[in-house]
Amino acid sequence: MKDIAVWGFSWVPPFAQGLVRDLRVRWALEEAGLAYQSRWVGIEERNSDAYRRKHPFGMVPVLESADGALTESGAIVCAIAEQCEALMPAGQRLETLSWMFAALNTVEPPLWNLLVMDQQHQGEAWVALRRPSAVDEVKARLAALSECLDGRDHLLGGFTAADILMTTVLRFIRHTDLVAEFPRLDAYVKRCEARPAFRSALRDQMADYVRNEPVAA
Ligand SMILES: N[C@@H](CCC(=O)N[C@@H](CS)C(=O)NCC(=O)O)C(=O)O
(Lines give C-alpha, C1' and ligand atoms only; values in the text may rest on other atoms or scores of the structure.)
Protein backbone atom coordinates (compact mmCIF):
# COMPACT_ATOMS: atom_id res chain seq x y z
CA MET A 1 0.00 0.00 0.00
CA LYS A 2 1.53 3.34 -1.10
CA ASP A 3 0.51 7.02 -1.17
CA ILE A 4 -2.13 6.50 1.50
CA ALA A 5 -4.69 9.18 2.38
CA VAL A 6 -7.36 8.77 5.05
CA TRP A 7 -10.57 10.81 4.93
CA GLY A 8 -12.21 11.90 8.15
CA PHE A 9 -14.44 14.80 9.18
CA SER A 10 -12.70 18.16 9.35
CA TRP A 11 -14.30 18.80 12.73
CA VAL A 12 -16.89 17.17 14.99
CA PRO A 13 -18.44 18.31 18.29
CA PRO A 14 -16.48 17.42 21.45
CA PHE A 15 -18.69 14.41 22.35
CA ALA A 16 -17.67 12.74 19.07
CA GLN A 17 -13.99 13.67 19.10
CA GLY A 18 -11.93 10.51 19.52
CA LEU A 19 -14.84 8.33 18.41
CA VAL A 20 -15.04 8.96 14.65
CA ARG A 21 -14.23 5.77 12.80
CA ASP A 22 -11.21 7.08 10.89
CA LEU A 23 -9.48 6.56 14.27
CA ARG A 24 -9.53 2.79 13.66
CA VAL A 25 -7.90 3.22 10.31
CA ARG A 26 -5.25 5.63 11.61
CA TRP A 27 -4.49 3.21 14.47
CA ALA A 28 -4.12 0.22 12.13
CA LEU A 29 -1.82 2.23 9.85
CA GLU A 30 0.29 3.27 12.83
CA GLU A 31 0.54 -0.35 14.02
CA ALA A 32 1.53 -1.46 10.52
CA GLY A 33 4.12 1.34 10.19
CA LEU A 34 2.43 2.75 7.08
CA ALA A 35 2.63 6.53 6.59
CA TYR A 36 -0.50 8.38 5.53
CA GLN A 37 -1.89 11.84 4.90
CA SER A 38 -5.11 13.18 6.45
CA ARG A 39 -7.89 14.42 4.18
CA TRP A 40 -10.99 16.14 5.50
CA VAL A 41 -14.59 16.50 4.45
CA GLY A 42 -16.90 18.94 6.24
CA ILE A 43 -19.97 17.32 7.81
CA GLU A 44 -22.15 19.53 5.62
CA GLU A 45 -20.23 18.50 2.46
CA ARG A 46 -20.53 14.78 3.03
CA ASN A 47 -23.57 14.39 0.78
CA SER A 48 -22.11 16.43 -2.10
CA ASP A 49 -21.85 14.67 -5.45
CA ALA A 50 -18.06 14.96 -5.31
CA TYR A 51 -17.80 13.26 -1.92
CA ARG A 52 -20.48 10.68 -2.75
CA ARG A 53 -18.22 9.54 -5.56
CA LYS A 54 -15.72 8.57 -2.85
CA HIS A 55 -18.23 7.11 -0.39
CA PRO A 56 -21.63 5.87 -1.57
CA PHE A 57 -23.28 6.77 1.75
CA GLY A 58 -21.48 10.06 2.35
CA MET A 59 -19.61 8.76 5.39
CA VAL A 60 -16.09 8.52 6.74
CA PRO A 61 -13.64 6.86 6.68
CA VAL A 62 -12.39 6.43 3.14
CA LEU A 63 -8.87 5.20 2.47
CA GLU A 64 -7.27 6.14 -0.84
CA SER A 65 -3.98 4.64 -2.00
CA ALA A 66 -2.14 3.77 -5.18
CA ASP A 67 -4.25 0.55 -5.18
CA GLY A 68 -7.58 2.47 -5.28
CA ALA A 69 -10.18 3.61 -2.76
CA LEU A 70 -11.78 1.63 0.04
CA THR A 71 -14.75 2.37 2.29
CA GLU A 72 -16.06 0.64 5.47
CA SER A 73 -13.76 0.84 8.45
CA GLY A 74 -13.79 -2.95 8.97
CA ALA A 75 -12.78 -3.64 5.36
CA ILE A 76 -10.10 -0.95 5.50
CA VAL A 77 -8.61 -2.29 8.76
CA CYS A 78 -8.70 -5.77 7.22
CA ALA A 79 -6.83 -4.57 4.10
CA ILE A 80 -4.18 -2.94 6.30
CA ALA A 81 -3.93 -6.03 8.53
CA GLU A 82 -3.26 -8.16 5.47
CA GLN A 83 -0.05 -6.14 5.03
CA CYS A 84 1.06 -6.73 8.63
CA GLU A 85 1.62 -10.22 10.03
CA ALA A 86 1.20 -9.07 13.64
CA LEU A 87 -2.26 -7.59 12.99
CA MET A 88 -3.52 -10.74 11.25
CA PRO A 89 -1.23 -13.68 12.03
CA ALA A 90 -1.20 -16.22 9.18
CA GLY A 91 -2.18 -19.09 11.48
CA GLN A 92 -5.07 -17.11 13.02
CA ARG A 93 -6.52 -15.35 9.96
CA LEU A 94 -10.04 -16.71 10.23
CA GLU A 95 -10.13 -16.34 14.00
CA THR A 96 -9.01 -12.71 13.60
CA LEU A 97 -11.71 -12.08 10.99
CA SER A 98 -14.30 -13.69 13.17
CA TRP A 99 -13.46 -11.36 16.09
CA MET A 100 -13.38 -8.38 13.73
CA PHE A 101 -16.92 -9.18 12.61
CA ALA A 102 -17.95 -9.79 16.22
CA ALA A 103 -16.72 -6.31 17.16
CA LEU A 104 -18.60 -4.63 14.31
CA ASN A 105 -21.73 -6.76 13.98
CA THR A 106 -22.37 -8.10 17.48
CA VAL A 107 -20.88 -5.68 19.99
CA GLU A 108 -21.07 -2.34 18.14
CA PRO A 109 -24.86 -2.18 17.46
CA PRO A 110 -26.09 -2.06 21.07
CA LEU A 111 -23.25 0.25 22.16
CA TRP A 112 -23.81 2.62 19.23
CA ASN A 113 -27.52 2.59 19.96
CA LEU A 114 -26.85 3.76 23.53
CA LEU A 115 -24.43 6.44 22.35
CA VAL A 116 -26.95 7.86 19.90
CA MET A 117 -29.70 7.78 22.52
CA ASP A 118 -27.56 9.54 25.13
CA GLN A 119 -25.84 12.10 22.91
CA GLN A 120 -28.36 12.88 20.19
CA HIS A 121 -31.72 12.26 21.86
CA GLN A 122 -30.91 13.18 25.45
CA GLY A 123 -34.01 14.31 27.38
CA GLU A 124 -36.53 13.04 24.81
CA ALA A 125 -39.46 11.23 26.41
CA TRP A 126 -38.98 7.97 24.53
CA VAL A 127 -35.40 7.65 25.80
CA ALA A 128 -36.54 7.35 29.42
CA LEU A 129 -38.70 4.36 28.39
CA ARG A 130 -36.22 2.64 26.08
CA ARG A 131 -32.89 3.30 27.82
CA PRO A 132 -33.11 0.69 30.65
CA SER A 133 -33.50 -2.19 28.20
CA ALA A 134 -30.83 -0.69 25.92
CA VAL A 135 -28.44 -0.69 28.90
CA ASP A 136 -29.34 -4.34 29.63
CA GLU A 137 -28.51 -5.23 26.01
CA VAL A 138 -25.13 -3.53 26.35
CA LYS A 139 -24.40 -5.27 29.66
CA ALA A 140 -25.23 -8.68 28.19
CA ARG A 141 -22.66 -8.15 25.41
CA LEU A 142 -20.05 -6.78 27.82
CA ALA A 143 -20.50 -9.70 30.23
CA ALA A 144 -20.01 -12.25 27.44
CA LEU A 145 -17.01 -10.39 26.05
CA SER A 146 -15.47 -10.16 29.51
CA GLU A 147 -15.75 -13.95 29.87
CA CYS A 148 -13.98 -14.42 26.53
CA LEU A 149 -11.08 -12.34 27.81
CA ASP A 150 -10.63 -14.47 30.94
CA GLY A 151 -6.93 -15.37 31.08
CA ARG A 152 -6.08 -13.37 27.94
CA ASP A 153 -4.59 -9.94 27.43
CA HIS A 154 -6.13 -9.67 23.95
CA LEU A 155 -8.90 -11.36 21.99
CA LEU A 156 -6.59 -13.85 20.31
CA GLY A 157 -3.77 -13.83 22.86
CA GLY A 158 -1.47 -11.39 21.06
CA PHE A 159 -2.65 -7.95 19.89
CA THR A 160 -4.33 -8.08 16.44
CA ALA A 161 -6.62 -6.04 14.19
CA ALA A 162 -9.56 -7.47 16.12
CA ASP A 163 -8.42 -5.55 19.21
CA ILE A 164 -8.30 -2.31 17.20
CA LEU A 165 -11.94 -2.72 16.24
CA MET A 166 -13.10 -3.99 19.64
CA THR A 167 -11.38 -1.19 21.56
CA THR A 168 -12.76 1.52 19.30
CA VAL A 169 -16.22 -0.02 19.68
CA LEU A 170 -15.95 -0.09 23.50
CA ARG A 171 -14.97 3.59 23.42
CA PHE A 172 -18.46 4.40 22.11
CA ILE A 173 -19.78 4.14 25.66
CA ARG A 174 -16.94 6.04 27.33
CA HIS A 175 -19.58 8.54 28.56
CA THR A 176 -20.94 5.80 30.88
CA ASP A 177 -19.42 3.60 33.64
CA LEU A 178 -20.59 0.42 31.95
CA VAL A 179 -17.17 -0.83 30.82
CA ALA A 180 -15.74 -0.04 34.27
CA GLU A 181 -18.34 -2.42 35.76
CA PHE A 182 -16.33 -5.23 34.14
CA PRO A 183 -12.76 -4.89 35.52
CA ARG A 184 -11.31 -7.32 32.96
CA LEU A 185 -12.79 -5.30 30.09
CA ASP A 186 -11.74 -2.04 31.64
CA ALA A 187 -8.15 -3.29 31.90
CA TYR A 188 -8.33 -4.57 28.30
CA VAL A 189 -9.39 -1.18 26.93
CA LYS A 190 -6.72 0.61 28.96
CA ARG A 191 -4.07 -1.89 27.81
CA CYS A 192 -4.96 -1.38 24.14
CA GLU A 193 -5.25 2.40 24.49
CA ALA A 194 -1.78 2.51 26.09
CA ARG A 195 -0.18 1.32 22.84
CA PRO A 196 2.00 4.01 21.23
CA ALA A 197 0.21 3.48 17.89
CA PHE A 198 -3.16 4.29 19.48
CA ARG A 199 -1.76 7.36 21.22
CA SER A 200 -0.32 8.66 17.92
CA ALA A 201 -3.51 7.97 15.99
CA LEU A 202 -5.65 9.74 18.60
CA ARG A 203 -3.22 12.67 18.90
CA ASP A 204 -3.26 13.18 15.11
CA GLN A 205 -7.04 12.94 14.85
CA MET A 206 -7.46 15.47 17.67
CA ALA A 207 -4.83 17.77 16.18
CA ASP A 208 -6.85 17.87 12.96
CA TYR A 209 -9.95 18.97 14.91
CA VAL A 210 -7.98 21.72 16.64
CA ARG A 211 -6.62 22.88 13.27
CA ASN A 212 -10.08 22.83 11.70
CA GLU A 213 -12.05 24.21 14.67
CA PRO A 214 -14.84 26.41 13.32
CA VAL A 215 -14.44 30.09 14.11
CA ALA A 216 -17.23 31.21 16.49
CA ALA A 217 -19.77 33.52 14.82
N1 LIG B 1 -20.13 0.99 8.68
C2 LIG B 1 -19.41 2.23 8.43
C3 LIG B 1 -20.02 3.31 9.28
C4 LIG B 1 -19.38 4.64 8.98
C5 LIG B 1 -19.98 5.74 9.84
O6 LIG B 1 -21.06 5.59 10.46
N7 LIG B 1 -19.29 6.85 9.87
C8 LIG B 1 -19.80 8.00 10.59
C9 LIG B 1 -18.66 8.67 11.33
S10 LIG B 1 -18.04 7.60 12.60
C11 LIG B 1 -20.33 8.98 9.56
O12 LIG B 1 -19.69 9.20 8.56
N13 LIG B 1 -21.53 9.53 9.81
C14 LIG B 1 -22.12 10.48 8.92
C15 LIG B 1 -23.53 10.13 8.59
O16 LIG B 1 -24.10 9.22 9.24
O17 LIG B 1 -24.09 10.77 7.70
C18 LIG B 1 -17.92 2.05 8.73
O19 LIG B 1 -17.61 1.30 9.66
O20 LIG B 1 -17.10 2.65 8.04
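## A buried tyrosine in a helix

Y188 has a relative accessible area of 0% and is therefore buried, since buried means a value under 20%. The model in which this value was computed is a predicted one. Y188 belongs to helix α7, which covers residues 183-193.

Which residues is Y188 in contact with, leaving aside its neighbours within four places in sequence? They are L149, D153, H154, L155, D163, M166, T167 and L170. E85 is 103 residues from Y188 along the chain, and the C-alpha atoms of the two residues are separated by 22 Å.

## The ligand and its surroundings

The residues around the ligand are F9, V20, R21, R46, M59, V60, P61, E72 and S73.

Three of these residues can be described through individual atoms. In the side chain of R21, an N or O atom is 3.1 Å from an oxygen atom of the ligand. V60 takes part through its backbone, where a polar atom is 2.9 Å from a nitrogen atom of the ligand. For E72, a polar side-chain atom lies 2.7 Å from a nitrogen atom of the ligand. Taken alone, the ligand exposes 510 Å², of which the protein buries 76%.

## Backbone features beside the ligand

V60 and P61, both among the residues around the ligand, are joined by a cis peptide bond with an omega of about 5°. P61 is located in the loop that runs between α2 (49-52) and β3 (62-65).

E72, another of the residues around the ligand, has a phi near 75°, which is a positive value in a residue other than glycine. The loop between β4 (68-71) and α3 (73-81) contains E72. Is E72 buried, partly exposed or exposed? Its relative accessibility is 45%, so E72 counts as partly exposed.

D3 lies in the segment before β1 (4-9). The phi of D3 is near 50°, again a positive value in a residue other than glycine. D3 counts as exposed because its relative accessibility is 66%, and exposed means over 50%.

How values were computed: Residues numbered from 1 in each chain as written. Predicted model: local features only at pLDDT ≥ 70, side-chain atom pairs only at ≥ 80, totals over all residues. Heavy atoms only, no water. Helix = DSSP H or I, 4+ residues; strand = E, 2+ residues; numbered from the N terminus. Buried < 20%, exposed > 50% of the residue type's maximum accessible area, 1.4 Å probe, protein only. Contact = heavy atoms within 4.5 Å. Near = heavy atom within 4 Å. Polar contact = N/O pair within 3.5 Å; in protein donor to acceptor, adjacent residues only side chain to side chain. Areas by Shrake-Rupley, 256 points an atom, 1.4 Å probe, with all protein chains shown as cover.
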